[in-house]
Amino acid sequence: AREVGQDAKAFNFKDYMKEKAIAVNSALDLAVPLQYPEKVTEAMRYSLLAGGKRVRPALCIAACELVGGKQETVMPTACAMEMIHTMSLIHDDLPCMDNDDLRRGVPTNHKKYGEDTALLAGDALLAFAFEHIARDTSGVPAERVVRVISHLGKAVGAEGLVAGQVVDIMSEGDPTVTLETLEYIHLHKTAGLLESSVVCGAIIGGASEEEIETLSKYSRYVGLSFQVIDDILDVTQSSEELGKTAGKDLLVDKATYPKLLGLEKSKEFAAELTHKAKEQLRIFDPVKCAPLLGLADYIANRQN
Ligand code: GRG
């Protein structure tokens, strides 16, 4: 059988990601201006514009374009994904959560601006993400925008990211954590926002229900593989990096795929997830889905 994406070899994924990151960074810069009260808008911009791979906005734009939508139409939604991702990182780094000093190679938000401002900068980014989608999306029927807001709200709240984080905290130090719980944590904490990025991009682009369902499956496989790879990188990079964020999870007693499955089986599992993700895309034109195929491989092969 033909390998999915075989016809798409000419596609340059690195250039694609670079081009999307430039467009997203400039849209984020415009969306969150430095204005009164600067104390909080500076802190918002500090984390939002501190780099990051921009995987979620890229997935969102790629899904929208795959089903025939335009980048400019989906840009507010793509930016909202990065705003929510950033706010979750700001809150995750706080002393009451993971208590990290560094993020994306620079001091964490609360180290630079204080805990009070960091908390509020996160809150403001969360609220603004929804405002931005509702106010700044144009050129598509309002029902699509409402559906996006509803999908994203669910992916972020007590049935989504927050649920994943809470179960993660509850499982800390528990030696009896099962693979099932670990999967619950990652599907909610990580895969949920990746899935919402893809699904919301597809909704804005006018996808059919079948396309949305297929893309949702693709992104859940990608999201889970993202986290399995993260756990593997924690082990394989930890000898050089112990003490930094990468090794930290090994010091706190935390369930990971390598701990529960062993390193080799974890690698096999990640490869299987990536394969299943790419298989979902068979219903699409292989040339048009090159960016999503590339993103699945990129996540599987990433080194950070
Ligand atoms: C969402 C309301 C709300 C509250 C936050 C703290 C919290 C609840 C959730 C934690 C979410 C969290 C930190 C998930 C891990 C996400 C993850 C895989 C981060 C790494 O993503 P990359 O590699 O990072 O895409 P860059 O820096 O490249 O963007």
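How many helices and strands make up the secondary structure of the protein? The secondary structure comes to 15 helices and two strands, where helices (H or I, at least four residues) and strands (E, at least two) are DSSP runs numbered from the N terminus. This is a predicted model, in which local features need pLDDT of at least 70 and side-chain atom pairs count only at pLDDT 80 or more, whereas totals for chains, interfaces and linings use all residues. Residues are numbered from 1 along each chain as its sequence is written.

**View 1. The overall fold of the protein.** The radius of gyration, taken over C-alpha atoms, is 19 Å, close to the 19 Å that the globule rule (2.2 Å times the number of residues to the power 0.38) gives for 304 residues, so the protein is as compact as a globular protein of that length.

View 2. The mean pLDDT (the predictor's confidence in each residue, from 0 to 100) is 92 for the protein, and 92% of its residues reach 70 or more. Over residues 1–8, however, pLDDT stays under 50, and it also stays under 50 over residues 243–250. Where pLDDT is low, the predicted coordinates should not be read in detail.

Terms used. Two residues are in contact if their C-beta atoms, placed from the backbone, lie within 7 Å.
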